[in-house]
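This report describes parts of one protein structure. Look at the sequence and the model first, then read on.

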Amino acid sequence: MGWTDVDRDAVIRVIAEHEKVGRLLGAEGAAAGRRPPLVLIAPSYGNAATRRRFHDTLAEPVDFLVEELRDVLTDDETQTLLSLHPERTARFWGALASHNSIIDRLQQGDVIVFTGQNRVQAIGTLGCRLRNEALGRVSKSVTATR
């Protein structure tokens, strides 16, 4: 996907906002060992398979304490999710394993701009990373039954 394929103004606004946050972190963030937020541009709506994955994993918030999901989350994962989302719902991005090296560079607070069909489809901030294949399978079926 080329630069001309997305809503440039939306992407520029997101990047500018997060560059400002990065500058605000400044010396305080550096002293604490933090880096300015990264912005990942993720083509995620360009073909039928990616659109299906987007809808299966990201389009709708999911109650992660429903029985089907609670059974596949570890206690640590559940506590992490509850600390970030006390309302018990979150959006889960089902990234493919082939993208692990990119995802591994991201940390809490980094921004992901989901693009496709010549525009920005969604913008999200990373809360936490979970590597849980069972969660991916089950959350897809929970979302499909909504």
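Which backbone nitrogen does the side chain of threonine 50 reach? The side chain of threonine 50 reaches that of glycine 46, at 3.1 Å.

The model is predicted: local features need pLDDT of at least 70 and side-chain atom pairs pLDDT 80 or more, while totals for chains, interfaces and linings use all residues. Residues are numbered from 1 along each chain as its sequence is written, and side-chain values use heavy atoms, leaving out hydrogens and water.

Threonine 50 sits in helix α2 (residues 48-57); helices are DSSP runs (H or I) of at least four residues and strands (E) of at least two, numbered from the N terminus. Threonine 50 counts as buried because its relative accessibility is 18%, where buried means under 20% relative accessible area (1.4 Å probe, protein chains only).

Strand β4 has six of its six residues buried. Val111, Val113 and Thr115 point one way from β4, and Ile112, Phe114 and Gly116 point the other way. The table gives the pairings of β4; two strands pair if DSSP finds at least two bridges between them.

| Strands | Sense | Bridges |
|---|---|---|
| β1 and β4 | parallel | five bridges |
| β4 and β5 (residues 119-125) | antiparallel | six bridges |

The largest nonpolar core has 11 residues, including Leu40, Phe54 and Phe114. Such a core joins buried Ala, Val, Leu, Ile, Met, Phe, Trp, Tyr and Cys residues through side-chain atoms within 4.5 Å. β1 (39-43) and β4 (111-116) each give two or more residues to this core.

Conventions: Buried means under 20% relative accessible area, exposed over 50%, partly exposed in between (1.4 Å probe, protein chains only). A polar contact is a pair of N or O atoms within 3.5 Å; within protein, one must be able to donate a hydrogen and the other to accept it, and residues adjacent in sequence count only if both atoms are side-chain atoms.
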